Amino acid sequence: MNQVKPKKALGQHFLTDLSIARRIAATLNDLKGLPVMEVGPGMGVLTRFLLDEGHDVTVAELDGESVDYLNSEFPELKGRILHRDFLTTDLAEIYPDGQKFCVIGNYPYNISSQIFFHVLEYKDQVACCSGMLQREVAERLAAAPGGKARGILSVLLQAWYDVEYLFTVSENVFNPPPKVKSGVIKMTRNSVTDLGCDAKLFKTVVKTSFGQRRKTIRNSVRGLFAPGTPLPDSPLLAMRPEQLSVEQFIELTNLIASGRKSD
């Protein structure tokens, strides 16, 4: 069958270096007992190595041309090639009854952040999420407190996952080559089951803090307190959001919970 033409509108950059695909697939070698959901397989360069390693693979692909190609080239995936948008897919429907699974992919750059927000919704089921994305985004997800790369997703993901930046990939191993380098990460679910604060408010606090990242926490979260409520005397409020650890954001959330705005 003919090769699939990369489509700019879908952010498609097909990986051509098989050694890179093999290394990405190998990030799940310690989790072979769990089923794998691959996002945007394209022409299946990563899919092939996952299957060769014995993984139970299901793929979600939005591009109809890619779906036709995969059905032709991977008959062993019959019934497990889902022609749908991963971002609107109910993963609990595919993996019911709380079944654990892994997510992997050469993620489209234009929706990579949304993909990880979607994964986060299934944090109690997604035991591991790995793959390749734009290097700057990959560095952001793994960024430690104190660095300029740290952002909303850094904190929200690291609250529930151990995030590792594994290696950088040249733009020259793709068709067509992107204008930026790529990075490969691996996120492994940690042992946290309860943050020790209101999880919904935690998310709001993190997003609000980074919404005005040049300001101190005191100025950015003032609106989360009830009008007239004096702000607590805490050194956290003098810091900027990128300086705070997950644990400090949890502490901040509990401070705000005691005097937050009434609905």
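Mentor: Let's start with Cys128: its sulfur sits 5.0 Å from the closest cysteine sulfur, the one in Cys102, and that is too far for a bond. The cut-off for calling a pair of sulfurs a disulfide is 2.5 Å. Keep in mind as we go that this is a predicted model. Cys129 isn't in a disulfide either; the nearest cysteine sulfur to Cys129 belongs to Cys128, and it is 7.1 Å away. What we're looking for is a covalent bond between the sulfur atoms of two cysteines. The count of disulfides by this rule comes to zero. Now, are these two cysteines buried or exposed? Cys128 has a relative accessibility of 0%, so it counts as buried. Cys129 also comes out at 0%, so it's buried as well.

Residues 126-134 make up strand β6, and that strand gives us our way into the rest of the fold. β6 is one of the elements that the buried residues of helix α1 pack against. The others are β1 (14-15), α2 (45-52), β5 (101-106), β7 (161-169) and β9 (182-189). Which residues of α1 are the buried ones? Within this helix, which covers residues 18-25, they are Ile20, Ala21, Ile24 and Ala25. Picture yourself looking down the axis of α1: those residues fall within an arc of 135 degrees, so they line one face of the helix.

β5 turned up in that list, so follow it to its partner, because strands count as paired here once there are at least two bridges between them. β5 pairs with strand β2 over four bridges, in the parallel sense. In β3 it stands opposite Val59, while in β5 its bridge partner is Ile104. Helix α2 comes into this as well: β2, α2 and β3 together make a right-handed β-α-β unit.

Helix α2 also takes us to some charged side chains. The structure holds eight salt bridges, and we'll look at some of them. Arg48 forms one with Glu76, where the closest N and O atoms are 3.0 Å apart. That pair ties together distant parts of the chain: Arg48 is in α2, Glu76 is in the loop between α3 (64-73) and β4 (81-83), and they're 28 residues apart. How accessible are the two partners? Arg48 is partly exposed, with a relative accessible area of 29%. Glu76 comes in at 36%, so it counts as partly exposed too.

A second salt bridge is formed by Asp56 and Arg80, with the closest N and O atoms 2.7 Å apart. This one also links distant parts of the chain: Asp56 is in the loop between α2 and β3, Arg80 is in the loop between α3 and β4, and the separation is 24 residues. Asp56 is partly exposed at 40%, and Arg80 is partly exposed at 25%.

For another, go to the loops around β8 (174-175). Glu171 forms a salt bridge with Lys181, the closest N and O atoms being 3.0 Å apart. Glu171 lies in the loop between β7 and β8, and Lys181 in the loop between β8 and β9, 10 residues apart. Lys181 is partly exposed, at 32%. Salt bridges can share partners, too: that's how Arg48, Asp52 and Glu76 are joined into one network.

Stay with the loop between β7 and β8, as Asn172 is there. Asn172 has a relative accessible area of 60%, so it's exposed.

For contrast, end with Thr89, in the loop between β4 and α4 (91-94). At a relative accessible area of 3%, Thr89 is buried. What is it touching? Leaving aside neighbours within four places in sequence, Thr89 is in contact with Arg84, Ile94, His118 and Tyr122.

Notes:
Residues numbered from 1 in each chain as written. Predicted model: local features only at pLDDT ≥ 70, side-chain atom pairs only at ≥ 80, totals over all residues. Heavy atoms only, no water. Buried < 20%, exposed > 50% of the residue type's maximum accessible area, 1.4 Å probe, protein only. Arc of directions from axis to C-beta. Contact = heavy atoms within 4.5 Å. Right-handed = clockwise from strand over helix to strand, strands pointing away. Salt bridge = Lys/Arg side-chain N within 4 Å of Asp/Glu carboxyl O.
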